[in-house]
Amino acid sequence: AEEKAKGEANATLARAEAEAKAAKLIAESITPAYVAYEAARKWDGKAPTHILGDAAIPFLNVDAPTKTDEKPTTGDSRDENY
């Protein structure tokens with residue numbers, strides 16, 4: 001009985017350590033960009049109809065990231081003067 005109890009205790013400890021490690025990895029991997037991605041992915045396209053208290057109206061930043069070395073293009077002659 002004592003051996004069985006030790007085995008169960010070791011298994012419980014191993015599970016807890018694995019869960020703690022997984023939680024730490026998840027917490028370290030969450031970035032503002034990932035949060036924005038998940039919000040955009042789950043958004044149903046509708047603006048909120050109710051806002052409680054002093055909560056700010058949520059806006060989704062839909063600007064695409066740009067590279068600083070790329071020229072903006074308009075598709076007309078203005079591009080030549082850039």
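## Salt bridges

A salt bridge is counted here when a side-chain nitrogen of Lys or Arg lies within 4 Å of a carboxyl oxygen of Asp or Glu, and the structure, which is a predicted model, holds 3 salt bridges. One of them joins K6 to E2, with the closest N and O atoms 3.7 Å apart. These two residues are 4 residues apart in helix α1, and are therefore separated by about one helical turn. With a relative accessible area of 46%, K6 is partly exposed, whereas E2, at 57% relative accessibility, counts as exposed.

The side chains of E38 and R41 meet at 2.8 Å, N to O, while the closest N and O atoms of E38 and K42 are 3.7 Å apart. Along helix α2, E38 and R41 are 3 residues apart, a separation of about one helical turn, and E38 and K42, being 4 residues apart, are likewise separated by about one helical turn. E38 counts as buried because its relative accessibility is 14%, under the 20% limit used for that class, whereas K42 is exposed, with a relative accessible area of 61%.

## Overall architecture and exposure

The secondary structure of the chain comes to 2 helices and 0 strands; helix α1 spans residues 2-29, and helix α2 spans residues 32-42. Of the 82 residues of the chain, 1% count as buried. The chain exposes about 8,100 Å², and carbon and sulfur atoms supply 58% of that area.

## A nonpolar surface patch

On the surface, I26, I30, Y34, V35 and Y37 form a nonpolar patch, which together has about 500 Å² of accessible area. The largest share of this patch, 3 residues, comes from helix α2, while I26 has its place in helix α1. At 51% relative accessibility, I26 counts as exposed, because the class begins over 50%.

## The aromatic pair

The count of aromatic pairs comes to 1. This pair is formed by Y34 and Y37, whose rings are 6.4 Å apart from centre to centre, with 35 degrees between the planes, and it is described as tilted. Both tyrosines lie in helix α2, where they are 3 residues apart, or about one turn of the helix. Y34 counts as partly exposed at 40% relative accessibility, and Y37 counts as partly exposed at 47%; Y34 and Y37 also belong to the nonpolar patch on the surface.

Definitions and conventions. Residues are numbered from 1 along each chain as its sequence is written. This is a predicted model: local features need pLDDT of at least 70, side-chain atom pairs count only at pLDDT 80 or more; totals for chains, interfaces and linings use all residues. Side-chain values use heavy atoms; hydrogens and water are left out. Patches are made of residues with over 30% relative accessible area and no salt bridge: like charges are joined within 9 Å, nonpolar side chains (Val, Leu, Ile, Met, Phe, Trp, Tyr) within 5 Å. Accessible areas come from the Shrake-Rupley method with a 1.4 Å probe; for residues, only the protein chains shown count as cover. Buried means under 20% relative accessible area, exposed over 50%, partly exposed in between (1.4 Å probe, protein chains only). Rings of Phe, Tyr and Trp (its six-membered ring) pair if their centres lie within 6.5 Å; planes under 30 degrees apart count as stacked, over 60 as edge-to-face and the rest as tilted.
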